[in-house]
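Please open the structure in a viewer and keep the selection tool at hand.

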Amino acid sequence: MANNRYRFCFGPWNISEGQDPYGPTTRPPQSFDWKLNQLKKLGFDAMMFHDDDAVPDIDDKSEQQIRKEAKELKKRLDDAGIAAEMVAPRLWFSPLTMDGAYTSNEPKCRRYAIDRSLRSIDIANILGTDILVLWLAREGTYLREAKSGRRSVELLVEAFDKMLEHDKGIRLAVEPKPNEPMDHAYVPTIGHALAIAQLTRDQKRVGALIETAHCILAGLDPADEIDFAMSFGKLWSLHLNDQNGLKFDQDKPFASNNLRGAFNQVRALERNKYGSNGEYICFDVHPFRTTKVEHWVDHLKNSRRTFMRLVEKVQSFDEDRAKQLIANRDYQALDQMVIEHLLGRD
């Protein structure tokens, strides 16, 4: 029987309206309160937040107003029995960050990015989470000659150090992605994220968030990335979803495209006891554009259900038999054993 170690969350952006680069929305917008109300109904325990999910129009508000609205949100979360899993500065929408945020060639743009990140830390403190997620969306280039890779690493470290100095309890969870929206990103993998942590003023407080789709986009196996990050004790958050090959970031429901890959991700989480320190399973998934309003949250419900079914599959997997096959180097039989197990024919 699957254990109850796992707690689940999603973000308000995961109940999206169906707009894509080639067409308009296919579902009407829903209020934040409506999305918040779906959490408990679906068996979720926490919500992820961008800074402007927590405080809309954050750039137009004073520090006092930001704190006031964050406190009001905290009360709403408490009343609903919902935790804030993380806060992330949304640094890819502003005109000031079109050529990078922390690594922009323009000092005023870098100052904006750092200042907004510090406000995000303040929001995180008020909401009761110590995780600041950094998706370095525009930290890269469209043209290699436009920036120095070494200088950009120095600028990232400088920005991270200012965040670590701003608050002694905050942890920075870097969310790597190799491309999109930039042509090439400066921190494309978990290895890059953990390496850059070594250069900061407090490497123990710089870790990682792994997303399934981002690993696949980098040509890597998500289960291996999970094992790698947890070998360092640095996997502080997790975005499970799925991806059909090396294309745009699809955020498909968990296991939608590769059931065996999903099985191996859950197996890695189980053997590393992910969740034992309070970490959440986050589903960064979106409904298909064709989804009807009445089926709007099924992608979240289905992802959670699939995850729990796979926990049961991992826990019922005959590890002793697998070890015997490995010792005999009978990988062909091991391969078929996994297939039969997932088919329900053990």
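**First stop: His-214**

Select His-214 and display its surroundings: apart from neighbours within four places in sequence, His-214 is in contact with Trp-135, Glu-175, Pro-176, Lys-177, Pro-178 and Asp-249, where contact means heavy atoms within 4.5 Å. This is a predicted model, in which local features need pLDDT of at least 70 and side-chain atom pairs count only at pLDDT 80 or more, while totals for chains, interfaces and linings use all residues. Residues are numbered from 1 along each chain as its sequence is written, and side-chain values use heavy atoms, with hydrogens and water left out.

His-214 belongs to helix α7 (residues 212-217). Helices (H or I, at least four residues) and strands (E, at least two) are DSSP runs, numbered from the N terminus. With a relative accessibility of 4%, His-214 counts as buried. Buried means under 20% relative accessible area, exposed over 50%, and partly exposed in between, with a 1.4 Å probe and protein chains only.

**Second stop: Leu-240 in strand β9**

Next, select Leu-240, which is placed in strand β9. Leu-240 is buried, at a relative accessible area of 0%. Not counting residues up to four places away in sequence, Leu-240 touches Thr-212, Phe-254, Gln-265, Leu-269, Ile-281, Cys-282, Phe-283, Asp-284, Val-285 and Phe-307.

Continue into the loop between β9 (235-240) and α9 (259-271), where Asp-251 lies. Most residues other than glycine have a negative phi, and most peptide bonds are trans. Asp-251, although not a glycine, has a positive phi of about 55°. Asp-251 counts as buried at 9% relative accessibility.

Ala-255 lies in the loop between β9 and α9 as well. Phi of Ala-255 is near 70°, again a positive value in a residue other than glycine. Ala-255 is buried, with a relative accessible area of 13%.

Select Glu-180 and Pro-181 and inspect the bond between them: the peptide bond from Glu-180 to Pro-181 is cis, with omega near 15°. Pro-181 is found in the loop between β6 (171-175) and β7 (184-185).

Select residues 298-316, which form helix α10. This helix has 19 residues and reaches 27 Å from its first C-alpha to its last, close to the 27 Å expected at 1.5 Å a residue; the expected span is 1.5 Å times one less than the number of residues.

Which residues of α10 are buried? They are His-299, Leu-300, Ser-303, Phe-307, Met-308, Leu-310, Val-311 and Val-314. Viewed down the axis of α10, these buried residues fall within an arc of 165°, so they line one face of the helix. The arc is that of the directions from the helix axis to the C-beta atoms. The buried residues of α10 pack against β1 (8-10), β9, α9, β10 (281-283) and α12 (331-343).

Move on to α12, whose buried residues are Leu-334, Met-337, Val-338, His-341 and Leu-342. Seen down the axis of α12, they fall within an arc of 125°, so they line one face of the helix. On the other side of α12, Gln-332 and Leu-343 are exposed. The buried residues of α12 pack against α9, α10 and α11 (319-327). Just after α12, Gly-344 takes a positive phi of about 85°.

**Last stop: the pair α4 and α5**

Finally, select helix α4 (residues 107-127) and helix α5 (residues 149-166), whose axes come within 10 Å and cross at roughly 35°. Axes are lines fitted to C-alpha atoms, for helices over the stretch in contact, and angles run from 0 to 180 degrees between N-to-C directions.

To view the contact, show Arg-110, Ile-114, Ser-117, Leu-118, Arg-119, Ile-121 and Asp-122 in α4, which meet Arg-151, Leu-155, Ala-159, Lys-162, Met-163 and His-166 in α5. The residues of this contact divide into six nonpolar, two polar and five charged. Here Ala, Val, Leu, Ile, Met, Phe, Trp, Tyr, Cys and Pro count as nonpolar, Asp, Glu, Lys and Arg as charged, and the others, Gly among them, as polar.
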